[in-house]
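Here is the note you asked for on this structure. It is written for someone who has not looked at the structure before.

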Amino acid sequence: MKIHEMINPKLININMKADSKNEVISKLIYLLEKDGRLLDKEQFTKDVMEREDSMSTNMGAMIAIPHAKSKAVRKSSVVFAHLESPVEWNEEGKVDLVFLLAINEAQHNVSHLETIATLATYLVDDDFKKALYDIKDAASIVKLIENYKGEEL
Amino acid sequence: MKIIAVTSCPMGMAHTYMASAALKRSAKKKGYEIKVETQGSMGIRDKISKEEIQNADILILATDVATLEPERFKDSITYKTTTSKIIRNADSIVDEAINLVENK
């Protein structure tokens, strides 16, 4: 999968320490900001939080996928954290794997959307999740996502 | 047993495609034929044909926003659910949908 434009080791924290959902989101957004992927951090944070209020992004099985299409995104990106210990995401329980999807609203880039859709299918695949848990360095997470061949569905 | 399904969600980015994959995986495991149409940010993908609708035993409708071209399915036996429920527990959704047909 061609995902190198959207993720790199700097957008991954495989041992994030956080006590709350808000802290996780804020730390993930900080990674995006630091890597020059946002135009407006405050606006993007607002867009993500609004999205959180409209529909649960707790997907069960310990995974959350907060996401927003936003004018405040410079480059569409995926940022990932494996939490040191699970945090309460919402009334639907705890999570310890979090993918934040930041999509540039203006540039309707079908290949980026396809990448996100493919990644979404991996996240209901137990083998992929197990690999996410086992990997201990950011570069290998990027390689996993790039090279993963899921079961043909 | 032939299943057709449609998935969609407000952003059309994650839930739509996770639910589609979860349904396919579950149906495959249980030995059912399945076709899933996604109505997401890339528009309609894997569109279900008239013939597939006619041949299907059950429609699993997991559209969290208004279904596109819903008139196609007006005669289908329909099990209505949500993408979140499928993502969390596709196996029981598939079982419940199949029960609906078998009890008709």
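This is a predicted model: local features need pLDDT of at least 70, side-chain atom pairs count only at pLDDT 80 or more; totals for chains, interfaces and linings use all residues.

1. Residues are numbered from 1 along each chain as its sequence is written, and chains are lettered from A and ligands numbered from 1 in the order in which they are written.

2. Chain B has three helices and five strands (DSSP runs numbered from the N terminus: helices are H or I of at least four residues, strands E of at least two). Along the sequence the order is β-α-β-β-α-β-β-α. The radius of gyration of chain B is 12 Å, close to the 13 Å of the globule rule for 104 residues, so chain B is as compact as a globular protein of that length (the radius is taken over C-alpha atoms, and the rule is 2.2 Å times the number of residues to the power 0.38).

3. The C-alpha trace of chain B spans about 35 × 30 × 20 Å along its principal axes. Of the 104 residues in chain B, 49% are buried (20 or more other C-beta atoms within 10 Å of the residue's own, with C-beta atoms placed from the backbone).

4. In chain B, the axes of H1(B) and H3(B) come within 8 Å and cross at roughly 10 degrees (axes are lines fitted to C-alpha atoms, for helices over the stretch in contact, with angles from 0 to 180 degrees between N-to-C directions). That makes the two helices roughly parallel (angles under 35 degrees count as roughly parallel, over 145 as roughly antiparallel, 65 to 115 as roughly perpendicular and the rest as oblique). The residues of this contact comprise nine nonpolar, five polar and three charged (Ala, Val, Leu, Ile, Met, Phe, Trp, Tyr, Cys and Pro are nonpolar, Asp, Glu, Lys and Arg charged, and the others, Gly among them, polar).

5. In chain A, the axes of H1 (residues 21-34) and H2 (residues 41-54) come within 11 Å and cross at roughly 140 degrees. H1(A) and H2(A) are therefore oblique to each other. A:Ile25, A:Ile29 and A:Glu33 in H1(A) meet A:Lys41, A:Phe44, A:Thr45 and A:Val48 in H2(A).

6. Between the chains, 17 residues of chain B are in contact with 20 residues of chain A (C-beta atoms, placed from the backbone, within 7 Å). H1(B) gives the most to this side of chain B, with seven residues. The side divides into 10 nonpolar, three polar and four charged residues.

Notes
Two residues are in contact if their C-beta atoms, placed from the backbone, lie within 7 Å. A residue is buried if 20 or more other C-beta atoms lie within 10 Å of its own, exposed if 12 or fewer, and partly exposed in between; C-beta atoms are placed from the backbone.
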